[in-house]
Amino acid sequence: MSARLVVSAPAKLNLFLHVTGRREDGYHLLETLFCLLDHGDTVTLALRGDGQICRNDDLPGVPAEQDLCVRAARLLQQASGSTSGVDIGLVKRLPMGGGLGGGSSDAAAVLLGLNRLWQLDWSRQRLQSLALRLGADVPVFVFGRSAFARGIGEQLEPVCLPLSWYVVLEPPVEISTARIFASQRLTRNSESVRITDFSGGVQPDFSGGVSAQPQCLSLAAIMARTRNDLQQVACAEFPAVAEALQWLSQYAPARMTGSGACVFACFDNEARARQVLAGLPTGMRGFVARGLSSHPQYDWAG
């Protein structure tokens, strides 16, 4: 076993996000469809024999004690009883407050990587249960596949999406998830959907080595019949999000991911996606990414 691992921390998109209710503890009940992208952060883990967990790279505005990477490592160390430690390095590409799940994906990358580096051999389900203690979006990255999610995002069902390319725009604002969910404008009573409503005879892509055969979905049906309930709130409070959506909607149905600020549109091929991105107005920024059938480190959980 190598004493150093480099772990991918892919971005996610919420292809739709419906708020269906609210629990007594204040958490919102959601239905959402997660898609992983081949663009994201990179986490480096180097084994330490002294049990210390250290962060090598400063993250502006995030003290080490609040860093999800550090918290994930300490939580796994405590839960597993491991006496090993780790030096954590992070190359940050995903914007904070962008709705791409950057911090959550980083935390999941630490859990997956340390499961291997510390030779714990924990099951995926056990890692997902631990991941939920770090945040509602962390379990899907451990789950490692496109997924339909219910509850607060932890009830995950695998789905198959057609190979697609996405243009993702990054408005220059950082949005607080708590602020959006607290808004009086937010709709909290969307009707529940059935994932079978979006099947479109799409053939599954199992190139990621995943053997189970999930429901195959149509992106056109998803974009036509769903929405992001948080989008209207974010657009009202952050004009840059509305501006990005308006521009991208010229080329394909566009939508905000998560609680924002990033917005996306899907395309059938890379060439068209890059053509659209090349026309970005001055002052806007974004990237092109391919959807993933599974997490690059999917096999690192039992």
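Student: Is T226 buried or exposed?

Tutor: T226 counts as buried, since its relative accessibility is 8% and the cut-off for buried is under 20%. Keep in mind that this is a predicted model.

Student: Where does T226 sit in the chain?

Tutor: T226 is in the loop that runs between α6 (219-225) and α7 (231-237).

Student: What lies 2.4 Å from a polar atom of the T226 side chain?

Tutor: That's the backbone oxygen of I222.

Student: And which residues does T226 contact if I skip neighbours within four places in sequence?

Tutor: With those left aside, T226 is in contact with L15, F16, H18, F198 and R255. Two of those names, F16 and F198, come back when we turn to the rings.

Student: Ok, rings then. How many aromatic pairs are there in the whole structure?

Tutor: A search of the whole structure gives four. In one of them, F16 and F198 have ring centres 5.7 Å apart and planes at 45 degrees, so that pair is tilted.

Student: Which parts of the chain does the F16 and F198 pair tie together?

Tutor: F16 belongs to strand β1 (residues 4-22), while F198 is in the loop between α5 (177-182) and β8 (215-216), so the pair joins parts that are 182 residues apart in sequence.

Student: Which residues do ring pairs link into a cluster?

Tutor: F16, F148 and F198.

Student: Which peptide bond is cis here, then?

Tutor: The bond from G260 to A261 is cis, and its omega is near 20 degrees. A261 is placed in the loop between β9 (254-256) and β10 (263-267).

Student: And what is phi for Q119 and D121?

Tutor: For Q119, phi is near 55 degrees, which is positive in a residue other than glycine. D121 also has a positive phi, near 60 degrees.

Student: Where are they, and are they buried or exposed?

Tutor: Q119 is found in the loop between α2 (102-117) and α3 (124-132), and D121 is in the loop between α2 and α3 too. Q119 is exposed, with 60% relative accessible area, and D121 is exposed at 64%.

Student: Back to the inside. What does H295 touch, not counting residues up to four places away in sequence?

Tutor: H295 touches S8, P10, L36, L112, F141 and G144 on that basis. H295 lies in the segment after β11 (286-292) and is buried, with a relative accessible area of 2%.

Student: Last topic, the whole chain. How many helices and strands?

Tutor: Nine helices and eleven strands.

Student: How does the radius of gyration sit against a compact globule?

Tutor: The two agree: a compact globule of 302 residues would be near 19 Å, and the chain has 19 Å. The C-alpha trace spans about 55 × 45 × 40 Å along its principal axes.

Student: What share of the residues is buried, and what's the surface like?

Tutor: Buried residues make up 54% of the 302. The accessible surface is about 13,200 Å², with 45% of it belonging to carbon and sulfur atoms.

Student: And how much of the contact set is between residues 24 or more positions apart?

Tutor: Those account for 75% of the contacts with a separation of 6 or more.

Definitions and conventions
Residues numbered from 1 in each chain as written. Predicted model: local features only at pLDDT ≥ 70, side-chain atom pairs only at ≥ 80, totals over all residues. Heavy atoms only, no water. Phe/Tyr/Trp six-rings, centres within 6.5 Å; stacked < 30°, edge-to-face > 60°. Helix = DSSP H or I, 4+ residues; strand = E, 2+ residues; numbered from the N terminus. Rg over C-alpha atoms; globule rule 2.2 N^0.38 Å. Buried < 20%, exposed > 50% of the residue type's maximum accessible area, 1.4 Å probe, protein only. Contact = heavy atoms within 4.5 Å. Areas by Shrake-Rupley, 256 points an atom, 1.4 Å probe, with all protein chains shown as cover. Polar contact = N/O pair within 3.5 Å; in protein donor to acceptor, adjacent residues only side chain to side chain.
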